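Subject: Handing over a structure, with notes on what was found

Dear colleague,

Please look through it first and then read on.

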Amino acid sequence: MPFKPNFNPPADEPASALWFIFDKGRLLIKLKNDTCSIPDTSVLKKCKSAIIRKHYLGTLHDRPCFAAEFAGDSIQDAQFAFKDLRGLFGMLEEDLIWIAGRANQLVNWSQTHRYCGRCGKRTEDKTDERAKICPECGLVNYPRLSPAIIVAVLKNDRILLGRNKRFKLPFYSVLAGFVEPGETLEECVKREIREEVGIKIKNIRYFGSQPWPFPDSLMIAFVADYAGGEICTDGSEIIDAAWFAKDNFPQIPPKISIARQLIDWFVQNH
Ligand SMILES: [Zn+2]
C-alpha cells in the first residue's frame, strides 16, 4: 500500500494534503460529476472554524493525510457532503477507504477519551506518541482496539454460514465475536462457535487480519474443522445457521470484508 503512516506532522499543511473529516461517523467527501473524492486543504476555507481534534496520519503518494472532527452545523456548499463510510465501499479507491477507516478510529478515540477515566480531569495529547495523558494522575490511554475473531468452519466440502440478527441486509456469513479478557484467540474461536451454534471444532489455523473501523475492531481470521455436535443457534445473536456447499450459497457479504475473503478462499479451494 502506498500509504506511509507517521505520527509527526509536517511543518505546514500543503494545499495538496488530504483531509479525512468526520461528523458522527460520516466522512466528508467532495462530489463532482457523480464521482467522490477526499477534499484537499482548500476545504478548510469553508469549515476551518468547525475543525477540531486534528490528527496527522501519514502520507499517501507523498500527500500528507489529516484526520479531524467536524463540529459545525453544516457546510454550505453543494459540492460537499457527509457520507456513511460503509456506503462508500466501491465508490472510493480502496486505499482511501482504509485511510478513512484509520481516521475514523482516531477521531472516535480522541472524542471519547477527552476526560481521564480514573480521576475525571481533562486529558492532554502526548507530544511524543499517539496517546492521551491525564495531567493530574498520569493515566495514559492509547487508541483503543477491540480484537474480534472471525472463523470459517469447514465440514467436508461445506462451510458454516450464519445469519446474524444485526445484519441490515439478509446475508449469511462466517461467524465472529469479540475476544474476552484472559482468552487466547484460539479459546475465543472455540467459545464463540460453541455459544453461537453449539458445535465443537478442531485444527484452528490462522488466515489473516483486517482493521474494521466501526468503530475500533481488529478482525483476526481463522479456518477450523468441524469436530462434533449438531447446529443449534443461540437464537439471540445468530437466528439461522447451516452448512453450505459452494454451488448452493445464500446471499454473502460484500467484497471488501475479510468475511468475504474467507468465503472466497473456501470457494477457490473446495
Ligand atoms: Zn486522571
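Seven elements each supply at least two residues of the lining of the largest pocket, namely strand 11 (146-155), strand 12 (158-164), strand 13 (175-178), helix 3 (185-197), strand 14 (200-212), strand 15 (217-228) and helix 4 (258-269). Helices (H or I, at least four residues) and strands (E, at least two) are DSSP runs, numbered from the N terminus.

Before going further, please keep in mind that this is a predicted model, in which local features need pLDDT of at least 70 and side-chain atom pairs count only at pLDDT 80 or more, while totals for chains, interfaces and linings use all residues. Residues are numbered from 1 along each chain as its sequence is written, and side-chain values use heavy atoms, with hydrogens and water left out.

The largest pocket holds about 1,200 Å³ of space, and of the 38 residues that line it, R86, R166, F167, F171 and W212 are the closest to its centre. Here a pocket is an open set of points, on a 1 Å grid over the protein atoms alone, with protein on both sides within 12 Å along at least five of seven lines, whereas a cavity is a set of points where a 1.4 Å probe fits but cannot get out; lining residues have an atom within 4 Å of a point. Grid points are joined across faces, edges and corners, and a volume is the space filled by probe spheres set on the points. By class, the lining of the largest pocket has 20 nonpolar, 7 polar and 11 charged residues (Ala, Val, Leu, Ile, Met, Phe, Trp, Tyr, Cys and Pro count as nonpolar, Asp, Glu, Lys and Arg as charged, and the others, Gly among them, as polar).

The second largest pocket has a volume of about 350 Å³, and among its 19 lining residues W98, G101, R102, Q105 and P211 lie nearest its centre. Strand 1 (3-5) and helix 2 (94-112) are the elements that give two or more residues to this lining, and helix 2 contributes the largest share, with 7 residues. There is also 1 cavity of 30 Å³ or more; the largest cavity has a volume of about 40 Å³ and is lined by Q105, N108, W109, T112, R144, P215 and D216.

Next comes the metal site. The zinc ion is coordinated through the SG atoms of C116, C119, C134 and C137, at 2.3 to 2.4 Å (donors are N, O and S atoms within 2.8 Å of the metal, or 3.2 Å for Na, K and Ca; water is not among the atoms, so sites may look incomplete). The angles among the 4 donor atoms are 98 to 121 degrees, and the site is tetrahedral, a term used for four donors if all angles lie between 85 and 135 degrees.

Finally, 3 strands form an open antiparallel sheet in the order 8-9-10, with strand 8 (124-125) and strand 10 (140-141) at the edges, each pairing on one side only. Two strands pair if DSSP finds at least two bridges between them; strand 9 (residues 132-133) and strand 10 have 2 bridges, and K132 stands opposite N141 in strand 10.

With best wishes

Notes
Tetrahedral: all angles 85-135°; square planar, octahedral: opposite > 155°, others 65-115°.
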